[in-house]
Amino acid sequence: MATRQWSLLMNGIRTYTGGFTATNGYTFPAQDGLIAVDAPDGMAQWLEQTGQRLAALFLTHWHFDHVVDAARIAREHACEVWAYGPSTPSDRLEKLLVLAGMDVSIENYPVHHPLQGLDTARIAGAGFLLRHVPGHSPDSLVLIHEPSRIIFSGDTVMDGGIGRTDFPGGDFEELVTGIRQKILTLPGDFRILPGHGGISTVSEELRGNPYLR
């Protein structure tokens, strides 16, 4: 049974938390419509219930809990998907779920805008910085909106923690180095909206994150 909760955050951003891993999904109001960041279990239904219509879907990385509803959202909203690149069942960790006794199969989703190698993107009329920060997942992208001083960090850095590095393709040193060089060099008041847990800031992570001292 998925745990679901939702609330209104700053700058018109709304958050949804769903699935057994309590994964966060967000909607961000851009100039040309709403952008969803990640697609956890149940987010498609939440979007329908709240009457939100998307212009785009951005995926921080391809692990199953962030893409469960990606294909359904892309289909129902006729929106384009932005991600590092396409994924396979192995990339999505579906084989690990089977080994854990869970019968899970993620519907393949389209990637209309592959972002590998890019450091900026214009999505639904809004300009973003992109930072490739592997170590948790090889494709992990951090989405930064400078005018709002907001960082969608996925599973790179979160409130007092970092993403797991024991999955295939994980690397602790690579992740920590990437966080230090590509996220924590941003101004201290930039707010971090992670894939799991609550909101923090760059200064709070610099000061109190035990993995990053």
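Colleague: Which helix does Glu-174 lie in?

Modeller: This is a predicted model: local features need pLDDT of at least 70, side-chain atom pairs count only at pLDDT 80 or more, and totals for chains, interfaces and linings use all residues. Residues are numbered from 1 along each chain as its sequence is written, and side-chain values use heavy atoms, with hydrogens and water left out. Helices (H or I, at least four residues) and strands (E, at least two) are DSSP runs, numbered from the N terminus. Glu-174 lies in helix H5.

Colleague: What does Glu-174 count as, given its relative accessibility?

Modeller: Buried means under 20% relative accessible area, exposed over 50%, and partly exposed in between (1.4 Å probe, protein chains only). Glu-174 has 39% relative accessibility, so it counts as partly exposed.

Colleague: Which residues is Glu-174 in contact with, leaving aside its neighbours within four places in sequence?

Modeller: Contact means heavy atoms within 4.5 Å. With those neighbours set aside, Glu-174 is in contact with Pro-134 and Gly-135.

Colleague: How many Å apart in space are Glu-174 and Glu-94?

Modeller: In sequence, they are 80 residues apart. C-alpha to C-alpha, the spacing of Glu-174 and Glu-94 is 24 Å.

Colleague: What arc do the buried residues of H5 cover around its axis?

Modeller: Helix H5 spans residues 172–182, and its buried residues are Leu-175, Val-176, Gly-178 and Ile-179. They sit on the same side of H5, because their arc is only 160°. The arc is that of the directions from the helix axis to the C-beta atoms. Around the axis of H5, it comes to 160°.

Colleague: What do the buried residues of H5 pack against?

Modeller: The face turned away from the buried side carries the exposed residues Glu-173 and Gln-181. The buried residues of H5 pack against strands S12 (157–158) and S13 (161–162).

Colleague: Why do the buried residues of H3 line one face of the helix?

Modeller: Helix H3 (residues 70–77) has the buried residues Ala-70, Ala-71, Ile-73, Ala-74 and His-77. An α-helix has 3.6 residues a turn, so residues three or four places apart point the same way. Seen down the axis of H3, its buried residues line one face because they fall within an arc of 165°.

Colleague: Which helices and strands do the buried residues of H3 pack against?

Modeller: H3 is followed by Ala-78, with a positive phi near 50°. The buried residues of H3 pack against H1 (43–50), S5 (54–58), H2 (64–67) and S6 (80–83).

Colleague: What is the relative accessible area of Asp-38?

Modeller: Asp-38 is found in the loop between strand S4 (33–37) and H1. Its phi is positive, near 75°, in a residue other than glycine. Asp-38 is buried, with a relative accessible area of 2%.

Colleague: And what is the relative accessible area of Ala-124?

Modeller: Ala-124 lies in the loop between strand S8 (120–123) and strand S9 (126–132). It is not a glycine, yet its phi is positive, about 50°. Ala-124 is buried, with a relative accessible area of 14%.

Colleague: What is the radius of gyration of the chain?

Modeller: The chain has six helices and 15 strands. It is as compact as a globular protein of its length, because its radius is close to the 17 Å that the globule rule gives for 213 residues. That rule is 2.2 Å times the number of residues to the power 0.38, and the radius is taken over C-alpha atoms. For this chain, the radius of gyration is 16 Å.

Colleague: What percentage of the residues of the chain count as buried?

Modeller: The C-alpha trace spans about 45 × 40 × 35 Å along its principal axes. Of the 213 residues, the buried share is 54%.
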